[in-house]
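Visitor: Please take a close look at the contact between the two chains, and follow it into the parts behind it.

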Amino acid sequence: MLDSAQTAERVTEILDRHRGMEGALLPILHAIQEDFGHIPQDALPIIARDLNLSRAEVHGVMSFYHDFRENPTGNHVLKLCRAEACKAMGADDLAAHARRELGIDWHETTRDGKVTLEPVFCLGLCACGPAAMVDGKLVGRVDAAKLSQIVGGLK
Amino acid sequence: MKVWLPLDSAAVALGADEIAEAIQSLAAQRGVDLTLVRNGSRGMVWLEPLAEVETPQGRMAFGPMTPEDVPALFGDLAAHPKALGRTEDLPWLKAQTRLTFARVGLTDPLSLQDYTAHGGLEGLKRALGMTPAEVVAEVTESGLRGRGGAGFPTGIKWKTVSEAKADRKYIVCNADEGDSATFADRMLMEGDPLTLIEGMAIAGLACGATKGFVYIRSEYPVAIRIMQEAVAVAQRAGILGTSVLGHGPAFDIEIRVGAGAYVCGEETSLLNSLEGKRGIVRAKPPLPALEGFLGKPTVVNNVISLASAPVIMAKGASHYKGFGLGRSRGTIPLQIAGNVRYGGLYEIAFGLTLDQIVNDIGGGTASGRPVKAVQVGGPLGAYFPASLFDTPFGYEEFAGKDGLIGHAGLTVFDDSADMLEMARFAMEFCAIESCGKCTPCRIGAVRGVETVDRIARGDSAAIPLLTDLCNTMKSGSLCALGGFTPYPVMSAITHFPDDFQPRRFEEAAE
Ligand SMILES: Cc1cc2nc3c(=O)[nH]c(=O)nc-3n(C[C@H](O)[C@H](O)[C@H](O)COP(=O)(O)O)c2cc1C
Ligand code: SF4
Ligand code: FES
Ligand code: FES
């Protein structure tokens, strides 16, 4: 666990890197999430003070966007495309298989903390669906066997 | 030995990085002097990963490559099990008219030398010798309309910004590309990013803007990386910076990353997001062209609109305008997706019928079963049944059939598709992605899901309720998310009424 002084130091360093940028809040939130894996609640007042916003405003922005998370994920994040072109190729069955195999629903993390399952609406791989993203790595034409293999390979 | 292997996301998702590694290690093992170029994709996704090898006869294509196919690339190429012949002779590629995508797949995306050797910068150089008004007139004359979906004439938008008086103006490239079945923006940014940069610089000259942003969705990590590198290449070469190509005004570009909100593809929501706010849609007027980013005059254009400016400037408006149908001028990068045999990107003049696109080019379904429906224009587009397959691809032609072409994505479904489920999904997607500003969108979409569920349970009285709800959403929504979600829903009900009959209930009970 990080103490709040450490959090403050890293957040301030990120804020310094974004000084002078027009409309810097999204890039700042991305940088914080990249660094911490999520947006620690302790970071919000620091960002707010720096950008001359209220804490509620920063929280409002953060919560508007699906990408930003308040809590850490599991060790791995599995994103499955739920959009139309992947549905045409069996994405619904694939998602059902994944939920069964992992024993969790969308947005949940397995009890051992290993995998978080997230829906995604299109990865631009619509001519080779169903598509997935595993810890940032793109995978096309995923079927149940390939998915089990991917999940089995996660440590 | 010179080999091309795409860095394109689709190729990578099908194993291109592993093939690249295998080629490199085998070359090292055998002491072969290898030049491996990671290019854009040629757009034939069913052949990815597609390797190309330089030979005296031209570039030879091999695909879809597996690691087992790699050793044979070092042997007799004609005998290679995946040999496809010369790339440029492949019929799917040969029949296209590639204007905007002319260099994608051909060149090293980050090589300025490749870029200029294949006609890059000619458009910008010509624009530098013209007045802003002349550049605007050329783009207007080309007939180019916004490729982001709404089809607004690009030249007219530029004229408004060009004539606006302000201390700062902006060019914002909309690379949010959230529609399912679309990947043209991604492929262009990954395969020929300098074209987009050149197009934005031309827009900057034409409009008197000195700063550009490219807002790329976070789901596109490869495109983000390549665009960042390409901006650095352009800055080093003086294409961007204090003076465009050393004798123009200043113009620079910054890459920004979205955060997973579909609605941020809507231009005013995007501007709010760029400003660091929630991506709530703004009421219009004021038009972004007059009061856009930070209240300054701003061009917001789709990637393909901007990336078409260089070829229009290089070859002239009349060349571009010479292609097309009716009021849909030029070419359109069709993105053929879903359950389709030959899926990918196909750039061609407007005017092909849906039948030609789906059956002749796409080869029908991947499953081999009959085509049931094609959704055209992404999640806000209508489902077309086979009986409407004679519709020619054009803005007005599709509007005339209660549909839209949107960003030109087509999703093919075979006869196993359940159109009630697709109608439900359209409502669910709208509910998840609504910015929340309008009640008919925010609440209506949630009611829509519930109403579809009632129909699924056999309550056919809920069908008129769903129709009413769609009418309310159409008339009471500020933007096309709430306003157009009725297109997929109503087209599903209208064209596939059997899927909404109580018989579904009996089947489900079996
Ligand atoms: C919900 C919604 C999502 C949109 N998504 C995109 C998008 O991802 N990319 C895009 O270029 N336009 C999108 N648009 C259209 C934009 O609002 C705008 O019309 C377009 O960026 C203008 O550029 P163009 O004239 O070059 O098409 C969207 C519109 C709506 C209502
Ligand atoms: S229609 Fe929906 S997404 Fe569009 S402005 Fe209204 S609430 Fe927002
Ligand atoms: S619809 Fe799944 S990747 Fe586009
Ligand atoms: S803001 Fe337009 S209907 Fe609510």
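Guide: What follows starts at the interface and then moves to the cores, the salt bridges and some backbone details. This is a predicted model, in which local features need pLDDT of at least 70 and side-chain atom pairs count only at pLDDT 80 or more, while totals for chains, interfaces and linings use all residues. Residues are numbered from 1 along each chain as its sequence is written, chains are lettered from A and ligands numbered from 1 in the order in which they are written, and side-chain values use heavy atoms, with hydrogens and water left out.

Chain A brings 38 residues to the contact and chain B brings 66 residues, where contact means heavy atoms within 4.5 Å. About 3700 Å² is buried between chain A and chain B, and carbon and sulfur atoms give 60% of it; buried area is the accessible area (1.4 Å probe) that two parts lose on being put together, summed over both. Glu22(A), Phe64(A) and Glu84(A) supply 20% of the area that chain A buries against chain B, more than any other three residues.

There are 24 residue pairs in polar contact across the interface of chain A and chain B, both residues at pLDDT 80 or more. A polar contact is a pair of N or O atoms within 3.5 Å; within protein, one must be able to donate a hydrogen and the other to accept it, and residues adjacent in sequence count only if both atoms are side-chain atoms. On the side of chain A that touches chain B, the elements giving two or more residues are α2 (25–36), α4 (55–64), α5 (84–87) and β4 (137–139) of chain A. Helices (H or I, at least four residues) and strands (E, at least two) are DSSP runs, numbered from the N terminus. The largest share of that side, 4 residues, comes from α2(A). By type, the residues of the side of chain A that touches chain B are 23 nonpolar, 7 polar and 8 charged. Here Ala, Val, Leu, Ile, Met, Phe, Trp, Tyr, Cys and Pro count as nonpolar, Asp, Glu, Lys and Arg as charged, and the others, Gly among them, as polar.

Between chain A and chain B the count is 5 salt bridges, each a side-chain nitrogen of Lys or Arg within 4 Å of a carboxyl oxygen of Asp or Glu. One of them joins Lys137(A) to Glu18(B), with the closest N and O atoms 3.3 Å apart. Glu22(A) also belongs to a network of salt bridges that links it with Arg168(B), Lys211(B), Glu254(B) and Arg256(B).

Arg256(B) leads on to the packing, as it is among the residues that Ile216(B) touches, along with Met189(B) and Val257(B), not counting residues up to four places away in sequence. Ile216(B) is one of the residues with the most contacts inside the largest nonpolar core, which has 81 residues; Trp158(B), Met189(B), Leu196(B) and Val214(B) are the others named there. Helix α9 (residues 193–207) of chain B gives the largest share of this core, 10 residues. Apart from it lies another core, of 76 residues, among them Phe36(A), Ile47(A), Ala462(B) and Ile493(B). A nonpolar core is a set of buried Ala, Val, Leu, Ile, Met, Phe, Trp, Tyr and Cys residues joined through side-chain atoms within 4.5 Å. Buried means under 20% relative accessible area, exposed over 50%, and partly exposed in between (1.4 Å probe, protein chains only).

Over all chains the structure holds 41 salt bridges. Asp499(B) and Lys372(B) form one of 2.8 Å, N to O. This pair links distant parts of the chain, 127 residues apart: Asp499(B) is in the loop between α20 (486–495) and α21 (503–509) of chain B, and Lys372(B) is in strand β14 (residues 371–376) of chain B. Both Asp499(B) and Lys372(B) are buried. In helix α20 of chain B lies Thr494(B), which counts as exposed at 52% relative accessibility. A polar atom of the Thr494(B) side chain lies 2.6 Å from the backbone oxygen of Met490(B).

Two peptide bonds deserve a mention. Gly129(A) and Pro130(A) are joined by a cis peptide bond with omega about -10°, and Pro130(A) sits in the loop between β2 (115–120) and β3 (132–134) of chain A. The bond from Glu48(B) to Pro49(B) is cis too, with omega near -5°.
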